[in-house]
Amino acid sequence: MSGGFGRLSQTLTSPLSSMPSSPQGWITATRSTWGCPRSWSGAIGLYNIGLSCCLNSLLQMFFMNTDFTAILRRIQVPEGATERRESVPYQMLLLLEQMQHSRRRAVHPLGLARCLSKHNVQFFVLYDAAQLFQILWNLIKTQITIEDLAKRLIGLYTIRVQEYLVCQKCLLETKRDSNMISLPLPMFNYSSCAIRTLEDSLRCFFEPEQLTESNTCHCEECGRKTRSLKVIKYLPQILTLHLKRFCCKKSSRTQKISHFLSFPQSLDFNQILTPEHCSLDAEEKADWLYELFAVIAHSGSASFGHYCAYIWRRTEPRWYCFNDSSVCQVSWDDVKWISLFLSYPAAGLEVGK
């Protein structure tokens, strides 16, 4: 799921909130960031408790987003002990408080781990970051009982896309709306050529697509295959992008796509998408500027690897690498060479405090 970008304001360049950090969006991180000595920064790590590096990275991304933690701090505390043990938002709040008051370099997320186990989130299992991000977000959303907070969470992360299906014979148009919390971006274009930049991957995602036998959709009138066009209807405050670096071949073995794809520190969708790709007015498009806040990176192969999170701390301002229990300062040069699950907050969001 799920790294991130956040919208920028005219007066504040605020970091993005959740960069693509899924196995489908990784490149090997530079050596200096792996196993790096921890420099004291007030940031607290999370111990790995059973191949939980993916979970730890996503939690750090959530906790460093002050818009998210503002929602978390207002949740209604469950009444019974059993309900509290099984509430993901409440256990996340307890873990956040534990991290903020700890004098140690890292804490054990045991309470949250037991809670997630009750919701069929297994440990000692390799997760794709985008998959686990979706699982966590759904659990949080469904367990927040205050309606206003749930709506704020949805508005913070949800992308609304409308897909147009146009019949090539009778020209019948069919519209289909969908909501997603991360955009799954391709690593190859429709000509099977490797995509080298994040901007080109976004353009490819929104390009009109001639549906093929493997993903065909038939016209309701004449039964012919249709042409598909995706149109943005709403971009959230936190834009999460996910590079599809994992693919299944005919042998059914999952493989990782390893070629390098560059990504920027800021994204202006006005420079990326054409008018046919969006159904927003001029005022809404003015808010289409995002800054990178977090990257969740994977090193290794599809069958074995490791996750860590690179997060921008606005108050310093510096990049940090959260590698389970180890936290250290890194530079943008370290971050830009990794493969990613990206989170871009909208400009003006005070994330990354």
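Colleague: Which residue caps the N-terminal end of α6?
Modeller: This is a predicted model, in which local features need pLDDT of at least 70, side-chain atom pairs count only at pLDDT 80 or more, and totals for chains, interfaces and linings use all residues. Residues are numbered from 1 along each chain as its sequence is written, and side-chain values use heavy atoms, with hydrogens and water left out. A polar contact is a pair of N or O atoms within 3.5 Å; within protein, one must be able to donate a hydrogen and the other to accept it, and residues adjacent in sequence count only if both atoms are side-chain atoms. Here the backbone nitrogen of Ala130 lies 2.9 Å from a side-chain oxygen, and the residue that supplies this oxygen is Asp128.

Colleague: How far apart are the end C-alpha atoms of helix α6?
Modeller: Helices (H or I, at least four residues) and strands (E, at least two) are DSSP runs, numbered from the N terminus. The expected span of a helix is 1.5 Å times one less than its number of residues. Helix α6 has 15 residues, 129-143, so it should span 21 Å, and the distance in the model agrees: 21 Å.

Colleague: And α4, what caps its N-terminal end?
Modeller: This helix has 14 residues and should span 20 Å, which agrees with its end C-alpha atoms being 20 Å apart. At its N-terminal end, the backbone nitrogen of Tyr90 has a side-chain oxygen 3.2 Å away, and that oxygen belongs to Ser87.

Colleague: Is Gln91 buried or exposed?
Modeller: Gln91 has its place in helix α4 (residues 88-101) and touches Arg84, Arg85, Gly111, Leu112 and Cys115, not counting residues up to four places away in sequence; contact means heavy atoms within 4.5 Å. Buried means under 20% relative accessible area, exposed over 50%, and partly exposed in between (1.4 Å probe, protein chains only). Gln91 has a relative accessibility of 10%, so it counts as buried.

Colleague: Are the rings of Phe62 and Phe133 stacked or edge-to-face?
Modeller: There are nine aromatic pairs in the structure. Rings of Phe, Tyr and Trp (its six-membered ring) pair if their centres lie within 6.5 Å; planes under 30 degrees apart count as stacked, over 60 as edge-to-face and the rest as tilted. Phe62 lies in helix α1 (residues 53-63) and Phe133 in helix α6, so the pair ties together parts that are 71 residues apart in sequence. With 5.7 Å between the ring centres and 25° between the planes, the pair is stacked.

Colleague: Which residue forms an edge-to-face aromatic pair with Phe269?
Modeller: The two rings are 6.0 Å apart, centre to centre, with 70° between the planes of Phe269 and its partner. Phe269 sits in the loop between β12 (266-268) and α9 (282-285), 21 residues from a partner in strand β13 (residues 289-291).

Colleague: Which residues touch the most other members of the largest nonpolar core?
Modeller: In soluble globular proteins, nonpolar side chains tend to be buried together. A nonpolar core is a set of buried Ala, Val, Leu, Ile, Met, Phe, Trp, Tyr and Cys residues joined through side-chain atoms within 4.5 Å. Of the 55 residues in this core, the ones touching the most other members are Phe68, Met92 and Tyr157.

Colleague: How far apart in space are Phe68 and Leu153, C-alpha to C-alpha?
Modeller: Phe68 is in helix α2 (residues 66-72) and is buried, with a relative accessible area of 1%. Leaving aside neighbours within four places in sequence, its contacts are Phe62, Met92, Ile140, Leu153, Leu156 and Tyr157. Phe68 and Leu153 are 85 residues apart in sequence, yet their separation in space is 7.3 Å.

Colleague: What is the phi of Asn120?
Modeller: Asn120 is found in the loop between α5 (110-118) and α6. Asn120 counts as exposed, at 66% relative accessibility. Although it is not a glycine, Asn120 has a positive phi of about 65°.
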